[in-house]
Amino acid sequence: MLFNSPEFLIFLVLAFVLYWFVFNRHLKAQNALIVALSYLFYGWWDWRFLGLLFASSFVDYNVGLGLARIVNPSRRKLLLVASLVANLGLLGFFKYYNFFVTEFIDAFSHLGVHLDVNTLNIILPVGISFYTFQSISYAIDVYRRNIEPTRDLVAFLAYVSFFPQLVAGPIERATNLLPQFTSKRHFDYALATDGMRQVLWGFFKKIVIADNCASYVNDIFGNTADYNGGTLFLGAVLFAFQIYGDFSGYSDIAIGTARLFGFSLMQNFAYPYFSRDVAEFWRRWHISLSTWFRDYVYIPLGGSKGGTWMKIRNTFVIFLLSGFWHGANLTFIAWGFLHALYFIPLQLTGKNRVNINIVAHGNQWVSPMDVLRILFTFLLVTFGWIFFRAKSITHAFEYILGIFTKAPLEALAIFPISLLGLIGFMLAVEWVHRDKQHGLEITWLQDKKVLRWCMYLGIMLLIFLFGNFGKTEFIYFAF
Amino acid sequence: MKKFLLKTVLITCLFVGLLTSGLVGISVWVKRNHFENQHTEGNLLVIKPDHHYDLAFMGISHARMFSRYANHPKVEAILGKDILNLGRGGGSCGVNEQLFYLQYAYSQGVKIDTLVYVVSPVLMYAGFLNRATDTFNSEPFEFGFLWQYLRFPAENKQVRIWSYMRSKFGPHWVRTAPDTKEVMTDSLTGLDSLVVQQGFKDSYKDGFNDTIFQYNAQQMEATIALAEQHNTAVIFFFPPALFGQWPGHAETLAYFQKLGKPCYDFSEVIKEPRLYYDNHHLNSEGVMLFTEGYLRAVLGR
């Protein structure tokens, strides 16, 4: 079920009523309802993969119990490995099997050996990268004794399948989300109203910004040869805003929806395009995945504690894995590689934690130097997005070459003025709220009810007037 | 909780109320102009409820050309008939939405003696016409129309409805006034085969897909059935084109001949470039000559 579909609206209203008015007396009943709703939400897309979701949850639930019971360290480790094999095995089969087979055949064909290995017609289950990572994090946290294993299967199923964040995150940690399923929830007016605001802002970013950018981006990236350098550059910039609007919009809708049900999910985006260097960008972009890799891969590998080569190795591992997580295509790996190249100089010179605070914190105005840093970082990131969006590495290089060689100073073939205005509006609103959890956390309008309502109505009107209602899927559903 | 629900309902109602007032208000503002068929591409602006029409045209731009450029009253005078033109040009309407227009007209108590469906082969092969989202952008906002369309099976319905409602707030709609062009005098001097080939490429971008043809055939048969339910006779004709027959002509003609309704093939009857303003649309002089020379014989007084 897509957030931007009428079915979801009906689903949400019914879920809200059942949750707060029918099943509100017993925690277990409420959790069971969440499981049922989440499985319905997921099954709406393809019911055949519900078994996979259940299997992944069931394995880790039992692994958790086993880890609590077993004292012997080797046996505990073995059990954890079993969980990792099961989860990563599922992910590997559904997401990467064809990629490896094709690359394997290609590699041998370069050596003159033609292998006859069949690829399979595998459908990628929506959200598999998200829920397997969430499930794995539970097993590791129990193994590390960061969390007590739950003995409540329903609560655990609800934790893994919680519908707002099931298919595209945020990838929650058991330490944050699981305890929320085991304690009584009470309707919180402030949390719910702020959730509604966040949902509204998420829809604006998805339907107005991302989906409108998508139509230009698809055209420009699909017909690279037909456009001049300036237009290709514009295509890359629009893709930067498309992917931001799409994914952060999804996260806002997910977090806001969870708040309506009394849950607090982690922030997944913290205005990444206001970053002053790439290291800051990675602290602000897809936070739940970055921190997942940091906690479960980077730190266990030694993090930045070892010598120079170890630091470089670990950084490459993280960025390449992150790229590969996004999809079985060399373009994603190239994207990860590029970001590792951006990051390593900062790390080696000790400048990767220079910009920890919020840009121009406490001021409305930003220094010219920071503006330049923000623009430079944005350009680097946008350059990386070309690899992310291109069909192949060759396509990405053609695209980049086109930007610089195909009459870059000629007039743009496409100039979506109203869309650029809307992007400007989004950036302005987010700039004002850059120290808040989301772009519409308008605490400064707390006492100005009329103005606040005008703002809601204005954003709803913008969605109505400029939204693209083609039921476009979220980009990250494919990851 | 009560406060939250109350506020949510209140803001939703406020938004819907403001939106509806805007939609209705702007449409009333536009409708204050008196529109006739020759003045507009919008059908809802000209359908007169409970009116008895002798004849109604349906189809794509080849049907609409009988009304554009002040042709409508002249065609009415030549044929001696009161005519409603439901045709929609501009690549924005396929067989399915044409069927809906007819259904809506009947629901308004309209009576039609004869339905003249102008058959362009491209209409049967084009899937994109049924997917077009700007179909209703020239129509005023009307609840009855929207309500009926919500229950009508169609491709791309959701996007089409949004486009319909949204277009009412655009400067183009707000400034809509009767089109007062008196005549279309542009003419060709010869056939430009390059333009024709490009035109075919654009018009047949869905290829010659049997599934699309069958779907359109189904909707065409539903149109006939609906017309017959309302005691309306149905006639088909293939309009003239400077290049003569469209790709897929033979198959389309064979299909329409099998339907057992009067079907006339006029695709080759006018070959004079000066009577066309492009390769397949007659200019005003062409429309008059065709109406007098061919249509009158079929539909005459």
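A cavity is a set of grid points where a 1.4 Å probe fits but cannot get out, and its lining residues have an atom within 4 Å of a point. The model in these views is predicted.

**View 1. The largest cavity and its lining in chain A.** The largest cavity is lined by 15 residues. Nearest its centre lie A:Lys205, A:Asp252, A:Phe269, A:Gln437 and A:His438. The volume of this cavity is about 90 Å³. Helix 8 (189-222) and helix 9 (229-260) of chain A each give at least two residues to the lining. Helix 9 holds the largest share, with 5 residues. By class, the lining of the largest cavity has 4 nonpolar, 8 polar and 3 charged residues.

**View 2. The second largest cavity.** Here the space comes to about 40 Å³. What lines the second largest cavity? The residues are A:Tyr244, A:Tyr271, A:Pro272, A:Tyr273, A:Phe274, A:Leu427 and A:Glu430. Of this lining, 6 residues are nonpolar, no residue is polar and 1 is charged. The count for the model is 3 cavities of 30 Å³ or more.

**View 3. The second largest pocket.** About 620 Å³ of space lies in this pocket. It is lined by 20 residues, and the closest to its centre are A:Arg283, A:Arg294, A:Tyr298, A:Phe343 and A:Arg353. Four helices of chain A each supply at least two lining residues: helix 10 (278-284), helix 11 (287-298), helix 12 (308-326) and helix 13 (330-348). Which helix gives the largest share of this lining? Helix 11 of chain A does, with 7 residues. The lining of the second largest pocket divides into 9 nonpolar, 7 polar and 4 charged residues.

**View 4. Where chain A meets chain B.** The contact takes 26 residues from chain A and 18 residues from chain B. The size of an interface is often given as the accessible area lost when the parts come together. Chain A and chain B bury about 2,100 Å² between them. Carbon and sulfur atoms carry 82% of that buried area. How many salt bridges does the rule find across the interface of chain A and chain B? The rule finds 0.

**View 5. Confidence in chain B and in the complex.** Chain B averages a pLDDT of 93. In chain B, 99% of the residues score at least 70. For the complex, the predictor gives an ipTM of 0.82 and a pTM of 0.85. Where pLDDT is low, the predicted coordinates should not be read in detail.

Definitions and conventions. Residues are numbered from 1 along each chain as its sequence is written. Chains are lettered from A and ligands numbered from 1 in the order in which they are written. This is a predicted model: local features need pLDDT of at least 70, side-chain atom pairs count only at pLDDT 80 or more; totals for chains, interfaces and linings use all residues. Side-chain values use heavy atoms; hydrogens and water are left out. pLDDT is the predictor's confidence in each residue, from 0 to 100. On a 1 Å grid over the protein atoms alone, a cavity is a set of points where a 1.4 Å probe fits but cannot get out, and a pocket is an open set with protein on both sides within 12 Å along at least five of seven lines; lining residues have an atom within 4 Å of a point. Grid points are joined across faces, edges and corners, and a volume is the space filled by probe spheres set on the points. Ala, Val, Leu, Ile, Met, Phe, Trp, Tyr, Cys and Pro count as nonpolar, Asp, Glu, Lys and Arg as charged, and the others, Gly among them, as polar. Contact means heavy atoms within 4.5 Å. Buried area is the accessible area (1.4 Å probe) that two parts lose on being put together, summed over both. A salt bridge is a side-chain nitrogen of Lys or Arg within 4 Å of a carboxyl oxygen of Asp or Glu.
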